[in-house]
Amino acid sequence: MPATAVPPELDLPPHVAKLYDDLLARLWDGTGFDPIVLELCRLRQARLLGCEAEMVRRTQDAVDAGLDEEVVATLSSWPTSPDFDQRTRACLAYTEAFVIDPHGVDDTTAAAVRDHVGEPGLVALTMALGLFDGVCRVRLSLEVT
Amino acid sequence: MSTSPRVGSAVADQPANFGTALAHQPELAKAFGTLYATLWTQGAVDQPLKELVRLRNARVTDCGY
């Protein structure tokens with residue numbers, strides 16, 4: 001279970017913070033989605049959105065699973081770097097399409113993810129991206145780190 | 001834009017939609033629903049204003065669903 005991604009400056013009511021933590025726990029521990037791939041997608045999304053606070057932090061579940069910082073350092077070159085397998089590339093391509101314009105997500109990009117992680121995985125990744133996107137936008141809009 | 005859902009329904013005899021697609025991850029869906037309901041029904045912003053914000057958000061992102 002990671003520390004909450006909600007900026008403490010928001011001072012959320014405890015019961016709301018708990019519900020948010022419960023959702024995060026389900027996301028990272030309960031979907032069957034590879035936490036390293038999910039963290040790479042989260043970091044790529046944060047980069048595209050220019051969210052420094054989300055770029056510098058790491059989710060403990062991914063670290064515990066063996067997240068490699070040398071791989072993280074090459075994340076911007078994921079389409080060609082040998083550090084990324086086909087499953088990870090499919091998820092990162094979907095992530096980029098989601099961030100740039102969700103209307104631009106096409107059947108091929110979505111199917112590539114589905115082929116690697118199944119429909120439950122595609123749902124988990126999409127929900128995760130929506131959640132991560134929201135956190136980045138909250139941080140950027142309120143200028144909280 | 002696809003003309004058909006990219007994720008099928010996880011609920012027997014029901015068409016694919018936001019809820020039945022989320023049902024592929026039932027525990028995640030439950031946690032999301034609980035948080036969403038709490039944000040919707042509680043807090044400093046009244047519900048009519050939240051609805052206006054939600055609708056404007058949908059309009060700006062061109063989410064016809």
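1. Disulfides. Across all chains of this predicted model, a search of the whole structure returns 0 disulfides, a disulfide being a pair of cysteine sulfur atoms within 2.5 Å. For A:Cys41, the closest cysteine sulfur belongs to A:Cys91 and lies 5.1 Å away, too far for a bond. A:Cys51 is likewise in no disulfide, with the sulfur of A:Cys136 as its nearest cysteine sulfur at 3.7 Å. A:Cys41 is buried at a relative accessible area of 0%, and A:Cys51 is buried at 2%; buried denotes under 20% relative accessible area, exposed over 50%, and partly exposed the range in between (1.4 Å probe, protein chains only).

2. Basis of the values. The model is predicted, and local features need pLDDT of at least 70, side-chain atom pairs count only at pLDDT 80 or more, and totals for chains, interfaces and linings use all residues. Residues are numbered from 1 along each chain as its sequence is written, chains are lettered from A and ligands numbered from 1 in the order in which they are written, and side-chain values use heavy atoms, with hydrogens and water left out.

3. Salt bridges in chain A. The count over all chains is 12 salt bridges, each defined as a side-chain nitrogen of Lys or Arg within 4 Å of a carboxyl oxygen of Asp or Glu. A:Arg42 and A:Glu39 form one of them, at 2.9 Å from N to O. Both residues belong to helix 2 (residues 35-49) of chain A, where they are 3 residues apart, about one turn of the helix; helices are DSSP runs (H or I, at least four residues) numbered from the N terminus. A:Arg42 is buried at 1% relative accessibility, and A:Glu39 is buried at 0%. A:Arg57 pairs with A:Glu54, their closest N and O atoms being 3.0 Å apart, and A:Glu54 is buried at 3%.

4. A:Asp133 and A:Arg137 meet in a salt bridge of 2.6 Å, N to O. The two residues lie in helix 7 (residues 107-142) of chain A, 4 residues apart, about one turn of the helix. A:Asp133 is buried at 13%, whereas A:Arg137 is partly exposed at 42%. Elsewhere, A:Glu39, A:Arg42, A:Glu54, A:Arg57 and A:Arg139 are joined into one network by salt bridges that share partners.

5. Contact between chains. B:Gln25 sits in the loop between helix 1 (18-22) and helix 2 (26-41) of chain B. Its side chain reaches the backbone oxygen of A:Thr31 at 3.2 Å, and B:Gln25 is buried at 6% relative accessibility.

6. Aromatic rings. The total is 4 aromatic pairs over all chains, where rings of Phe, Tyr and Trp (its six-membered ring) pair if their centres lie within 6.5 Å. Ring pairs link B:Phe18, B:Phe32, B:Tyr36 and B:Trp40 into a cluster.

7. A nonpolar surface patch comprises B:Val45, B:Leu49, B:Leu52 and B:Val53, with about 360 Å² of accessible area together; its members have over 30% relative accessible area and no salt bridge, nonpolar side chains being joined within 5 Å. B:Val53 is in helix 3 (residues 47-60). Positive phi in a residue other than glycine occurs at B:Asp13, near 65 degrees, and at B:Asp62, near 55 degrees. B:Asp13 precedes helix 1 and is exposed at 82%; B:Asp62 follows helix 3 and is exposed at 53%.

Terms used. Patches are made of residues with over 30% relative accessible area and no salt bridge: like charges are joined within 9 Å, nonpolar side chains (Val, Leu, Ile, Met, Phe, Trp, Tyr) within 5 Å. Accessible areas come from the Shrake-Rupley method with a 1.4 Å probe; for residues, only the protein chains shown count as cover. Rings of Phe, Tyr and Trp (its six-membered ring) pair if their centres lie within 6.5 Å; planes under 30 degrees apart count as stacked, over 60 as edge-to-face and the rest as tilted. A polar contact is a pair of N or O atoms within 3.5 Å; within protein, one must be able to donate a hydrogen and the other to accept it, and residues adjacent in sequence count only if both atoms are side-chain atoms.
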